[in-house]
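Please consult the sequence and the coordinates alongside the text.

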Amino acid sequence: MVRLKVKGDWNIIKGKLKQQFGDLTDNDLLFVKGKEEELVGRLQQKIGKTKQEIRDLLSRL
């Protein structure tokens with residue numbers, strides 16, 4: 001399993017994701033250490049992208 005690597009401050013990243021995808025909520029973006037796959041799955045359902053697309057998106061923010 002590939003670990004999700006999030007650069008920078010998660011609160012800033014959450015803000016950027018909310019701007020880009022307006023229907024995301026705080027619950028969708030709840031990040032708990034060790035639960036990266038759960039976060040990716042929630043984002044995958046909400047924005048309709050593949051797991052790899054979401055990982056790429058998060059690594060660019």
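Arg 55 and Glu 37 meet through their side chains in a salt bridge, with an N to O distance of 2.2 Å; the term denotes a side-chain nitrogen of Lys or Arg within 4 Å of a carboxyl oxygen of Asp or Glu. This pair links distant parts of the chain, with Arg 55 in helix 3 and Glu 37 in helix 2, 18 residues apart. Helices are DSSP runs (H or I, at least four residues), numbered from the N terminus. Arg 55 counts as buried because its relative accessibility is 15%, whereas Glu 37, at 27%, counts as partly exposed. In these terms, buried means under 20% relative accessible area, exposed over 50% and partly exposed in between, computed with a 1.4 Å probe on protein chains only.

Glu 37 and Arg 55 also belong to a network of salt bridges that includes Lys 51. The whole structure holds five salt bridges.

## Basis of the values

The model is predicted: local features need pLDDT of at least 70, side-chain atom pairs count only at pLDDT 80 or more, and totals for chains, interfaces and linings use all residues. Residues are numbered from 1 along each chain as its sequence is written, and side-chain values use heavy atoms, with hydrogens and water left out.

## The buried face of helix 3

Which residues of helix 3 are buried? In this helix, formed by residues 51-60, they are Ile 54, Arg 55, Leu 57 and Leu 58. Viewed down the helix axis, these buried residues fall within an arc of 160 degrees, so they line one face of helix 3. The arc is taken from the directions from the helix axis to the C-beta atoms.

Helix 1 and helix 2 are included in what covers the buried residues of helix 3. Contact here means heavy atoms within 4.5 Å.

## Asp 28 and its surroundings

Asp 28 lies in the loop between helix 1 and helix 2 and is buried, with a relative accessible area of 12%. A salt bridge joins its side chain to that of Lys 46 at 3.5 Å, N to O. The partners come from distant parts of the chain, Asp 28 from the loop and Lys 46 from helix 2, 18 residues apart. Lys 46 is partly exposed, at a relative accessible area of 35%.

A polar atom of the Asp 28 side chain also lies 2.9 Å from the backbone nitrogen of Thr 25. Leaving aside residues up to four places away in sequence, Asp 28 touches Asp 23, Leu 39, Arg 42, Leu 43 and Lys 46.

Arg 42 forms a salt bridge with Glu 38, the closest N and O atoms being 3.2 Å apart. Both residues lie in helix 2, four residues apart, about one turn of the helix. Glu 38 is partly exposed, with a relative accessible area of 46%, while Arg 42 counts as buried at 18% relative accessibility.

## The aromatic pair

The structure holds one aromatic pair. Trp 10 and Phe 31 form this pair, which is tilted, with 5.2 Å centre to centre and 40 degrees between the planes. Rings of Phe, Tyr and Trp (its six-membered ring) pair if their centres lie within 6.5 Å; planes under 30 degrees apart count as stacked, over 60 as edge-to-face and the rest as tilted.

Trp 10 counts as buried at 13% relative accessibility, and Phe 31 as partly exposed at 28%.

Note on methods. Helix = DSSP H or I, 4+ residues; strand = E, 2+ residues; numbered from the N terminus. Polar contact = N/O pair within 3.5 Å; in protein donor to acceptor, adjacent residues only side chain to side chain.
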